[in-house]
Amino acid sequence: MATIRDIAKKAGVSPATVSRVLNYDPELSVAQETRQRIFEVAEKLNYTKHKRSSKMGKALIRLVQWYDEAEELADLYYLSIRLGIEKKAEELNLQIRRETLNELSDSQVTGTIALGKFDAEQIRQLKQLDDNLLFVDFDAMPLGLNSLVVDFDQSMNLVIDHFIQQGHQKIGILSGEEMTKHNLQPIEDPRMLSFKKKLEQLNLFRPDLVITAPFSMEAGKTAVSEFIAESNDLPTALFASSDALAIGGMQAIQAAGLRIPEDISVIGFNDVSVAKYVSPALSTVKVETEWMGELAVTTLLELAKEYSPVPRKIMLGTELIQRASTN
């Protein structure tokens, strides 16, 4: 595992600066460029696979993202997937053309990876642009389009089974709020849907233990702070739909004088590099985000080589990483 000193050396900053950035220290004044460099180095040092480049010749892949760079830093999930896409492209001697939905080109490409959430108009626009189209972290299968997604039902089974094994009955969720970019359509959090379904099967679902916030550390902290101040019945276990939300929630819990995990156990989602550096270290559902990005590239190349009569849907399993924030 990479240390803070390793990250500091690669990023060209002090270990203290790395520590404060990774712990989302609100009092730290550091340039956005420096902050991004630290996060990117932390993610890259988490790579465990180092393969030789394959001689496939130059191909061009279009990458369309719904997050800009500032939003990537608020929640590192999509940053990690993007770095995986770029890493695999480099290994395979491919070119990546990053484009926005507002500035799509008519360049001839091998295929298009659409990373993130998209509304009906944006999907129509992408379909018109390219026949070889793969959506990543968005289930477009109902629309007859290729998709690479996480198995959220399996993930929530891991989380809830662990909480129950630890004796928890009052299980809450800090669910993420998202909107599509163009038409600002609300997007349901698939983790929330799976969480609710699982707890309802166990007769343990409590609507009063549901907290919602946009996917960022600051929003998670604010939402949990307000919940603690207003509620007379707190959960003993809290699942957060991203590590950024979980870290913000943990800060709010500690600011209220409560202990983690003695008073409230916390589990996040994604296992971004920051999760192991916060205090207490965050238990989380590990999504192989870098590999997810790599798989997106190889899947797109396979689709380009051979016509598929039906759309392809790939679901990735997850793993629960237990650290100090749970019993």
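Residues are called buried when their relative accessible area is under 20%, exposed when it is over 50% and partly exposed in between, with a 1.4 Å probe and protein chains only. The model is predicted, so that local features need a pLDDT of at least 70 and side-chain atom pairs count only at pLDDT 80 or more, while totals for chains, interfaces and linings use all residues. Numbering starts from 1 along each chain as its sequence is written, and side-chain values use heavy atoms, with hydrogens and water left out. Helices (H or I, at least four residues) and strands (E, at least two) are DSSP runs, numbered from the N terminus.

Helix α10 covers residues 243-255 and has 13 residues. From its first C-alpha to its last, α10 reaches 18 Å, close to the 18 Å expected at 1.5 Å a residue; the expected span is 1.5 Å times one less than the number of residues. Eleven of the 13 residues of α10 are buried, and the helix is thus mostly covered. The buried residues are D243, A244, L245, A246, I247, G248, G249, M250, Q251, A252 and I253. Of these, A244 has a relative accessibility of 4%. G257, which follows α10, has a positive phi near 85°.

Two helix pairs were examined, with axes taken as lines fitted to C-alpha atoms over the stretch in contact and angles running from 0 to 180 degrees between N-to-C directions. Helix α1 (residues 4-11) packs on helix α3 (residues 32-44) at an angle of about 125°, and their axes are 9 Å apart. The two helices are therefore oblique to each other; angles under 35 degrees count as roughly parallel, over 145 as roughly antiparallel, 65 to 115 as roughly perpendicular and the rest as oblique. I7, K10 and A11 of α1 make the contact (heavy atoms within 4.5 Å) with R37, I38, V41 and A42 of α3. By class, five of these residues are nonpolar, none is polar and two are charged. Nonpolar here comprises Ala, Val, Leu, Ile, Met, Phe, Trp, Tyr, Cys and Pro, charged comprises Asp, Glu, Lys and Arg, and the others, Gly among them, are polar.

Helix α5 (residues 77-91) and helix α11 (residues 289-305) pack at about 45°, with axes 7 Å apart. This angle makes α5 oblique to α11. Y77, S80, I81, G84, I85, K87 and K88 in α5 meet T289, E290, M292, G293, E294, V297 and T298 in α11. The contact has five nonpolar, five polar and four charged residues.

H162 lies in helix α7 (residues 152-165) and is buried, at a relative accessible area of 6%. Leaving aside residues up to four places away in sequence, H162 touches I267, L320, Q322, T326 and N327.

Most residues other than glycine have a negative phi, and most peptide bonds are trans. D137, in the loop between β4 (133-136) and β5 (146-150), has a positive phi of about 65° and is buried at 7% relative accessibility. D271, in the loop between β10 and β11, has a positive phi of about 60° and is buried at 8%. The peptide bond from I260 to P261 is cis, with omega near 10°, and P261 lies in the loop between α10 and β10 (265-270). The bond joining S279 and P280 is also cis, with omega about -5°; P280 is in the loop between β10 and β11 (283-286).
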